[in-house]
Amino acid sequence: MEKKKMYWTPSEVRSKIFDNNVSKITLISLIHLQKIPAIRLGNRWYIPTYWVDRQIRIAQGVIEEVNA
């Protein structure tokens with residue numbers, strides 16, 4: 001059984017979700033503004049898979065985005 005990835009780096013999110021059309025600095029800024037959930041270990045940020053999966057489902061139209 002394949003182990004599911006639990007966290008993504010901002011660079012991976014940039015590539016997977018935004019096709020490198022959003023800068024890493026923008027993602028880090030959104031993390032600081034708490035628009036993207038993340039944890040920091042040392043000097044690296046990690047974004048949880050649940051957020052990445054949700055963004056993919058929103059982009060595919062499977063679920064609608066709800067602005068809180």
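Asp19 is found in the loop between α1 (10–16) and α2, and Asn20 is found in that loop too. Helices here are DSSP runs of H or I with at least four residues, strands are runs of E with at least two, and both are numbered from the N terminus. The model is predicted: local features need pLDDT of at least 70, side-chain atom pairs count only at pLDDT 80 or more, and totals for chains, interfaces and linings use all residues. Residues are numbered from 1 along each chain as its sequence is written, and side-chain values use heavy atoms, with hydrogens and water left out.

- Asp19 has a positive phi of about 50 degrees although it is not a glycine.
- Asn20, also not a glycine, has a positive phi of about 60 degrees.
- Most residues other than glycine have a negative phi.
- Asp19 is exposed, at a relative accessible area of 57%, while Asn20 is partly exposed at 40%.
- The classes are buried (under 20% relative accessible area), exposed (over 50%) and partly exposed (in between), with a 1.4 Å probe and protein chains only.

**Sheet**

- 3 strands form an open sheet in the order β1-β3-β2, with antiparallel pairing; two strands pair if DSSP finds at least two bridges between them.
- β1 and β2 (39–41) stand at the edges with a single partner strand each, so one side of each has no neighbour in the sheet.
- β2 and β3 run antiparallel and are joined by 3 bridges.
- Arg40 has Trp45 in β3 as its bridge partner.

**Nonpolar core**

- The largest nonpolar core has 10 residues: Trp8, Val13, Leu27, Ile28, Ile31, Ile36, Trp45, Ile47, Trp51 and Val52.
- The elements giving two or more residues to this core are α2 (24–32), β3 (44–48) and α3 (49–60).
- α2 gives the most to this core, with 3 residues.
- Such a core is a set of buried Ala, Val, Leu, Ile, Met, Phe, Trp, Tyr and Cys residues joined through side-chain atoms within 4.5 Å.
- Val13 is in contact with Trp8, Phe18, Leu27, Ile47, Trp51 and Val52, leaving aside its neighbours within four places in sequence; contact means heavy atoms within 4.5 Å.

**Salt bridges**

- The structure holds 2 salt bridges, each defined by a side-chain nitrogen of Lys or Arg within 4 Å of a carboxyl oxygen of Asp or Glu.
- Asp53 pairs with Lys4 in a salt bridge, the closest N and O atoms being 3.0 Å apart.
- That pair links distant parts of the chain, with Asp53 in helix α3 and Lys4 in the segment before β1, 49 residues apart.
- Asp53 is partly exposed at 22% relative accessibility, whereas Lys4 is exposed at 56%.
- Lys5 forms a salt bridge with Glu12, and their closest N and O atoms are 2.9 Å apart.
- Lys5 is partly exposed at 36% relative accessibility, and Glu12 is partly exposed at 29%.

**Surface patch**

- Met6, Tyr7, Ile39 and Leu41 form a nonpolar patch on the surface, together having about 400 Å² of accessible area.
- Patches are made of residues with over 30% relative accessible area and no salt bridge; like charges are joined within 9 Å, and nonpolar side chains (Val, Leu, Ile, Met, Phe, Trp, Tyr) within 5 Å.
- Accessible areas come from the Shrake-Rupley method with a 1.4 Å probe, and for residues only the protein chains shown count as cover.
- Tyr7 lies in strand β1 (residues 7–8) and is partly exposed, with a relative accessible area of 36%.
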